[in-house]
Amino acid sequence: MNITYLDNNATTRTAPEVVEKMLPFYTEYYGNPSSMYGFAGYVAKKLAEARIKTAQLIGASAEEIVFTSCGTESDSTAIYAALQSYPHKKHILTTRVEHPAVKSLCEHLSAKKGYRVTFVPVDGKGFLDLDYLYDHITDDTAIVSVMWANNETGVIFPVEDIARVVKKRGAVFHTDAVQAVGKIPMNLADTDIDMLSLSGHKLHAPKGAGALYIRKGTKFAPFLIGGHQEKGRRGGTENTASIVGLGKACELAGERIEEENTRVRALRDKLETEILKQVPHTVINGDIHNRLPNTTSIGFEYVEGESILLMLNELGICASSGSACTSGSLEPSHVLRALGVPFTIAHGSIRFSLSVYNSDADIDFVIEQLPPIIEKLRMISPFRAQENQT
Amino acid sequence: MWDYTDKVKEHFLNPRNVGVIEDANGVGEVGSIACGDALKLTLKVDDNNRITDAGFQTFGCASAIASSSALTEMVKGLTLDEASEITNDDIAEFLGGLPREKIHCSVMGREALEKAIRDYRGEGEKEIDGEIVCECFGVTDKEIETIVKENGLTRVEDVTNYIKAGGGCGKCHEGIEGILRAHWGEEPPPMKKPAYMTNLQKIKLIEETLEREIQPSLKQDGGNIELVDVDGDRVMVKLLGTCSSCSLSQVTLKDYVEKKLRELVSGDLTVEEVS
């Protein structure tokens, strides 16, 4: 069966160009980049090139990049670094719609480690309540962590503006930019962002490689303590092949960022417009303007998300849902609930996230197949009768 | 991806008896959109108290739809007395098993059936018994007690899997723990052997049992055991540490490990040592 992959906010296809660059580091160039001989020196040189390419994509300098194993490690490192650097400060400010990498860590710090955590709410369109955020920065605030773009709705937060205010108020600003890097042009040198997390596998690099940007001069303490790798900022032998892959992926992302914002955006818009036109009682979750170009979260009333996903699965279409049933919990997505999306829609919400590897044919296929699936499930649903009355 | 059996998938993709029976004389509705699943069951019962037709409408995930479809197939042709004997386990078994997190789908089926039968008999709504513990899903202490007793549940997580209580905001976890403690006392009860398992569930339970029940006591004597493979009812293991050189290891294997696995997983298991 052909796979129609529309779940790129979960993970992406590793670019063939990336795989090609990586392979020699599993076969030929297996040296440890910390070793003294020339054989390993080549590996160290390629790591340095990957660092430059990663830095270039986000407008940073190479020494501001620390390679990690994933976005979650980058987030944990950033938050713990700020807390350790300012041990007298006991307050963390973040949002209600963060990825679990930040949300669960903050909940843990609040429940087990005695930190005070404030979760900033969002409105119905998914926008942050900035007044609330600014009102809650105090002298006790060690770090403010706000994602650049939301993984479920794609809504973009004004992190550059927030960073400016946070800096003036004397706290550290971190952003989880895992979904934004490669889709939104960024030049960190011109901002007040202190730390930024990115993840390789969200931008066509392999899983197992991520990076943390640490602005020059930012107080820092390592999360993994060990060898002198990454200038003492992250112990542990480098995942050389994956990091080389990440470098290549960042180079490609820089070249493709325009395509993401033109061709991919047009595909997303077409998918959304056609589905809304063909399927009644359907809404888009989150603001439709200020959004990542590749993401749409569509809520279908009266049907449940997992059922939709499994029927799509029968056709080889991969997407994800904000529904509870797919995650093992019974509450629908905390993000959709934070937006105030009613249960009737939250349970039936599906996220499609595209990439440059999607074609017109992919989108046409979904536009053709999805409406009858919703129709079939609504035929089974007891709430169908109510639908007919409205 | 959920680990659904082929039968669940088949009933989900081709559900039987979808819709409302026009001249139904027994109707049971449970759940709501807010809960994430809901089922409306309609029954046609003849003068001999026999169910001649059944129809369903379900809002919910694949296993909720499959459980509803299975339920209608199961009840058709039964007398009301026979039908009221159906348990959620029966529904799960009909489908070749359900993932643990999805057992509440089969419970929803049983509840709808109970309601529909009460409706036909003119018994009206069952009175709400006890006090609401889980406000998210409106589950009472009495309902939790019953499900704990009937199914030998020991953990909050299991209660959530069966009747959803505790699956929302999580504020009632302490309350549920209180009910579990009141039922079992401070000591957790021994693990209970489930009535029916898919292969994967069996392997998982063997692993769990080794980890929870067997390894700790072997480790006390400086030994250990590792699961190598499971082929049908043959459990292949490797003895480690002091166990590997112990002259009584075969006794340990048969009289302790095998006995324990038969008791807690399945009576048909045989344990053998492989190198």
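Predicted model: local features only at pLDDT ≥ 70, side-chain atom pairs only at ≥ 80, totals over all residues.
Which residue, with a positive phi, follows α5(B)?

Helix α5 of chain B runs over residues 103–120, which makes 18 residues. From its first C-alpha to its last it reaches 26 Å, close to the 26 Å expected at 1.5 Å a residue. An α-helix has 3.6 residues a turn, so residues three or four places apart point the same way. And the residue we asked about is Gly122(B), with a phi near 70 degrees.

Now step over to where the two chains meet. Chain A puts 25 residues into the contact, and chain B puts in 31. Interface size is often given as the accessible area lost when the parts come together. Here, the area buried between chain A and chain B is about 2200 Å², with 72% of it coming from carbon and sulfur atoms.

In it, the side chain of Lys102(B) meets that of Glu306(A), at 2.7 Å from N to O. Between the chains there are also seven residue pairs in polar contact. On chain A, the elements that give two or more residues to the side touching chain B are α9 (305–314), α11 (343–346) and α12 (360–380). The largest share, six residues, comes from α9(A). Sorted by class, this side of chain A has 12 nonpolar, eight polar and five charged residues.

How values were computed. Residues numbered from 1 in each chain as written. Chains lettered and ligands numbered in written order. Heavy atoms only, no water. Contact = heavy atoms within 4.5 Å. Buried area = accessible area lost by both parts, 1.4 Å probe. Salt bridge = Lys/Arg side-chain N within 4 Å of Asp/Glu carboxyl O. Polar contact = N/O pair within 3.5 Å; in protein donor to acceptor, adjacent residues only side chain to side chain. Helix = DSSP H or I, 4+ residues; strand = E, 2+ residues; numbered from the N terminus. Nonpolar A, V, L, I, M, F, W, Y, C, P; charged D, E, K, R; others polar. Expected span 1.5 Å × (residues − 1).
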